[in-house]
Amino acid sequence: MNTIFQDILDYGPALLGGLRISLALTGLSLLFGTILALVFALGITSRNKAFRWTSTFFVEIGRGAPALVLLQLMYYGLPNADITLSSFTSATLALTWTASAYMAEYIRGGLAAVPGGEIEGAQALGMSQQDTLRYVTIPQGIRIALPALMGFAVLLFQATSLAYSVAVPELMSQAYSAGSSSFNYLSLFIIAGAIYAAISIPATWLSVGVEKHLAKHL
Amino acid sequence: MELLKAIALGLPMTLLVTAVALGIGSIVALPLLAGLRSGKTAVRFLTRAIIDLLRGIPPVVWLFLLFYGISAGSFRLSAFGAGVIGLGVVAGAYLTEIFRGALGGIKAGQWEASEALGLDRFTMWSKVIGPQGLRVAIPGFTTYAIGLLKDSSIVSTIGVAEIVYLTQQSARTSGQGITVYFIAAAVYIMLSMPIGMLSRNLDIKMRKAVAR
């Protein structure tokens, strides 16, 4: 127990610095992922063949391949095509790919769950197709998909720990390097685990709360 | 072709890690499920805390904790052991939720009828509730199994020679990083397709077998 407190004093700042990078990675891939996911969600159901095929390609690989494969593809693979990205950029790209693929399915499900009467109503009011999508379908569809998207955000935060394998100095890799200098892997991984849990568990409660709250209105 | 062969060598290990972890998870899920359904508030609370903790910490952290952190004298877990135990226990927490949901899907009349017939608890669980719960749990279970197949790639970080580990090696030696990683991605996608189809077939078959 004493070693844990000593390790917190010694390596706390480094671990928190790592946490900041983990959170930045989560935030950026969520931001880009959400935008792309909306595009893919519309793409999968689009009548335009090229748009539909590209969207399906990205979604199927993003969901079908492990995040670890995409991370390493971006970091170890792309240099073979003379594209060399920093570890943080390649990790952001890879996690954005994974995130957009999963979220596209949640959003597509949400859009499909918008009652047909809403869309017919909008048409009856003479709204254009774009306006129907922008003011009726998308706001309600996102609202239906929100709890699933929030649950996914927690999983994405946890998945940033995989970026350790492509040399991003995030929480996990800080814990590992602190462990190799103090020879106290157990206590450092316990501290790192506690930090992950301290964020993931309340965030999960929040998403469950939102789900219950929204269920009242649907 | 050489590249494909190198990756294919990791395939049995990926399947083995997935299967063993799934087995450990299914066993771990049973006491957790019993804990969640316990009449004692303290037991329920403790079980919930364990499940939240298992799910709240990323699998990599569990694997590293078991692999680098646990040592008693000269005893250390092997990479494979740490990998399947770590993934298995986390899987147990997720499977508990899936099984709990499945039990919730069983009609109240089934419980009442078992009681009215005076069935003892063992008969009730093995002949009435168990088989029906299993059927309801199949779609969730296979979805999780497909997820676990992909998550099994995480054991490569502690040196288990499965698909991603060998892919990384051949990416280094062959200098064709993009190709090997796309082959690896394709292998995972092709692996998950038959599992999904099997699950749908099984679901249809069992739907027919069970009267409503």
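Which residues of chain A does UniProt list for "transmembrane region"? Residues 21–45, 144–165 and 185–208 of chain A, from an unreviewed entry. UniProt positions here follow the numbering used for this model, feature names are shortened, and annotations may be inferred rather than shown by experiment.

Okay, some housekeeping. This is a predicted model, where local features need pLDDT of at least 70, side-chain atom pairs count only at pLDDT 80 or more, and totals for chains, interfaces and linings use all residues. Residues are numbered from 1 along each chain as its sequence is written, while chains are lettered from A and ligands numbered from 1 in the order in which they are written.

Let's stay with chain A.

Now a helix pair in chain A. Helix α1 (residues 2–44) and helix α7 (residues 171–182) of chain A have axes that come within 7 Å and cross at roughly 155°. Axes are lines fitted to C-alpha atoms, for helices over the stretch in contact, and angles run from 0 to 180 degrees between N-to-C directions. That angle makes α1(A) roughly antiparallel to α7(A). For the angle words: under 35 degrees is roughly parallel, over 145 roughly antiparallel, 65 to 115 roughly perpendicular, and the rest oblique.

Who makes the contact? On α1(A), the residues include A:Y11, A:A14, A:G18 and A:S22, and on α7(A) they include A:Q174, A:A175 and A:A178. Contact means C-beta atoms, placed from the backbone, within 7 Å. The contact of α1(A) with α7(A) has seven nonpolar, six polar and one charged residue. In that count Ala, Val, Leu, Ile, Met, Phe, Trp, Tyr, Cys and Pro are nonpolar, Asp, Glu, Lys and Arg are charged, and the others, Gly among them, are polar.

A:D82 has a positive phi near 60° without being a glycine, and sits in the loop between α3 (67–77) and α4 (87–112) of chain A. Is A:D82 buried or exposed? A:D82 is exposed, with 6 other C-beta atoms within 10 Å. The cut-offs: 20 or more other C-beta atoms within 10 Å is buried, 12 or fewer is exposed, in between is partly exposed, with C-beta atoms placed from the backbone. A:F183 isn't a glycine either, and has a positive phi of about 60°. You'll find A:F183 in the loop between α7 and α8 (185–215) of chain A, and A:F183 is exposed, with 8 other C-beta atoms within 10 Å.

On to chain B, which has nine helices and two strands. The order along the sequence is α-α-α-α-β-β-α-α-α-α-α. The C-alpha trace of chain B spans about 70 × 45 × 25 Å along its principal axes, and 38% of its 212 residues count as buried.

Helix α6 (residues 108–116) of chain B lies largely in the open, because zero of its nine residues are buried. After α6(B) comes B:G118, with a positive phi near 75°.

Helix α2 (residues 11–36) of chain B packs on α3(B) at about 135°, with axes 8 Å apart. That makes α2(B) oblique to α3(B), and their crossing is left-handed. Among the contact residues are B:L32 and B:L36 of α2(B), and B:V43, B:T47 and B:I51 of α3(B).

Last thing: how do the chains meet? 30 residues of chain B are in contact with 33 residues of chain A. On the chain B side, α3 (41–56), α4 (59–69), α8 (163–174) and α9 (177–209) each supply at least two residues. α9(B) gives the most, with eight residues. By class, that side of chain B has 18 nonpolar, ten polar and two charged residues.

Notes:
Two residues are in contact if their C-beta atoms, placed from the backbone, lie within 7 Å. Helices (H or I, at least four residues) and strands (E, at least two) are DSSP runs, numbered from the N terminus. A crossing is left-handed if the near helix is turned anticlockwise from the far one by less than a right angle, and right-handed if clockwise.
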